[in-house]
Amino acid sequence: MSNESVLAIRVTEKKMTETEKFAINLKRRMDRLRITPARLAQLSGLPRSTISRVLKAQRTPGLETLSILANALGTTSSALLDSKTRLA
């Protein structure tokens, strides 16, 4: 097996962080509602840069931000946090 193959296997075995799971759930909900990041920023009143960093899993949202995002998307904070939730 080549070094590249071993590296690819290791990368795919990496466990997803809670921040990454949240970002996936947020994006799924946005896709389902056909809401762009810019529109979510308008609906939530949060800066577009915050939305971008959360969607890229570069920022873990605090409780207040989590609640604001959930309300803007018509869902609950727990649904966005649940790694088993299928929002799409």
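## A walk along helix α2

Start with Lys-27 and Asp-31: these two sit 4 residues apart in helix α2, so about one helical turn separates them. Select both side chains and you'll find a salt bridge, 3.1 Å from N to O. Keep in mind as you click around that this is a predicted model.

How exposed are the two partners? Lys-27 is partly exposed, at 37% relative accessible area, and Asp-31 is partly exposed too, with 44% relative accessibility.

Next, select Lys-21 and Glu-18. This pair also lies in helix α2, 3 residues apart, which means about one helical turn between them.

In general, side chains of opposite charge can pair when their charged atoms come close.

Last stop: Arg-29, still in helix α2, which covers residues 18-33. What is the nearest side chain of opposite charge to Arg-29? It's Asp-31, 11 Å away. A salt bridge needs the nitrogen and the carboxyl oxygen within 4 Å, so Arg-29, although buried, has none. Before you leave, bring up Gly-74 and show its backbone: the Arg-29 side chain reaches the backbone oxygen of Gly-74 at 3.1 Å.

Methods. Residues numbered from 1 in each chain as written. Predicted model: local features only at pLDDT ≥ 70, side-chain atom pairs only at ≥ 80, totals over all residues. Heavy atoms only, no water. Buried < 20%, exposed > 50% of the residue type's maximum accessible area, 1.4 Å probe, protein only. Lys, Arg positive; Asp, Glu negative; His and termini not counted. Polar contact = N/O pair within 3.5 Å; in protein donor to acceptor, adjacent residues only side chain to side chain.
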